[in-house]
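Subject: the structure I promised you

Hi,

Here is the structure we talked about. Have it open while you read, and look up each residue as I mention it.

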Amino acid sequence: MDIKDKTVAVAESYSGKSEEDLLMLLARQDEVIKGNPDAAQDPTLDPEYAGAGMPAEALRSIGKRILRTWNKALFDLICTEKDDVQRKKLMDAFDLGETALIGAVAAALLTVTSPAIAAAVAAIIVKKFLIPAGGVVCEVWEEAIEMDE
């Protein structure tokens, strides 16, 4: 299984996780990646929390910051840069359900970020931004990004 397939599979497995759990995962990943950048290439990266004393709200804040960065980057790729191939893949995945859409988003994110971050961010973006947007993805997604800042 190549890194893209592995990243997509991991991202799809996150469909049952809550946004809260995924934000905390992103923060823990960030902590490990800072000390070991090669860890970012492992889409299964799910480190234990080692930062004693950091409150949960601080972790959520770190996760939200990471999400904002890559959410905007993916929006730009799909909606601003007029990447018709990526947009078609994304829109086709809507018809296949949430899990397939998470996989399509993870694959698109691999063009701009690491496998570990792509897998976790994909699940949040789909649940928080894309599924609620339905058929008017770019318009609703842009409004949601602006409200989330």
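First, some ground rules. This is a predicted model, so local features need a pLDDT of at least 70, side-chain atom pairs count only at pLDDT 80 or more, and totals for chains, interfaces and linings use all residues. Residues are numbered from 1 along each chain as its sequence is written, and side-chain values use heavy atoms, with hydrogens and water left out.

**The whole chain**

How confident is the predictor? pLDDT is its confidence in each residue, on a scale from 0 to 100. The protein chain averages 85, and 93% of the residues score at least 70. Confidence is highest in helix 1 (residues 3-13), with a mean of 93, and lowest in helix 4, with a mean of 75.

The chain has 7 helices and 0 strands.

Of the 149 residues, 46% count as buried. Buried means under 20% relative accessible area, exposed means over 50%, and partly exposed is in between, with a 1.4 Å probe and protein chains only. The accessible surface comes to about 7,400 Å², and 53% of it belongs to carbon and sulfur atoms. (Areas come from the Shrake-Rupley method with a 1.4 Å probe; for residues, only the protein chains shown count as cover.) Now take the contacts with a separation of 6 or more: 70% of them are between residues 24 or more positions apart. A contact means heavy atoms within 4.5 Å.

**Helix 7**

Helix 7 covers residues 137-148, and at 1.5 Å a residue its 12 residues should span 16 Å; the end C-alpha atoms are 16 Å apart, which agrees. (The expected span is 1.5 Å times one less than the number of residues.)

Which residues of helix 7 are buried? They are Val-137, Cys-138, Trp-141, Ala-144 and Ile-145. Seen down the helix axis, these buried residues fall within an arc of 130 degrees, so they line one face of helix 7. (The arc is that of the directions from the helix axis to the C-beta atoms.) Glu-146 and Met-147, on the other side, are exposed. The cover over the buried residues includes helix 3 (56-80), helix 4 (84-94) and helix 6 (115-133).

**Helix 4**

Helix 4 shows its own buried set: Gln-86, Leu-90, Ala-93 and Phe-94. Their arc is within 115 degrees, so they too line one face of their helix. Asp-84, Val-85 and Lys-88 are exposed on the face turned away from that buried side. What do the buried residues of helix 4 pack against? Helix 3, helix 5 (98-109), helix 6 and helix 7.

In each contact list here, neighbours up to four places away in sequence are left out.

- Phe-129 sits in helix 6 and is buried, at 2% relative accessible area. Its contacts are Leu-67, Asn-71, Ile-124, Trp-141, Ala-144, Ile-145 and Asp-148. Glu-142 is 13 residues from Phe-129 in sequence and 9.1 Å away, C-alpha to C-alpha.
- Asn-71, in helix 3, is also buried with 2%. Asn-71 touches Ile-125, Phe-129, Trp-141 and Ile-145.
- Leu-130 belongs to helix 6 and is buried with 0%. Among its contacts are Leu-90, Phe-94, Val-137 and Trp-141. Phe-94 is 36 residues from Leu-130 in sequence, yet 8.9 Å away between C-alpha atoms.
- Thr-113 lies in the loop between helix 5 and helix 6 and is buried, at 14%. Thr-113 is in contact with Trp-70 and Ala-118.

Happy browsing!

Methods:
Helix = DSSP H or I, 4+ residues; strand = E, 2+ residues; numbered from the N terminus. pLDDT = per-residue confidence, 0-100.
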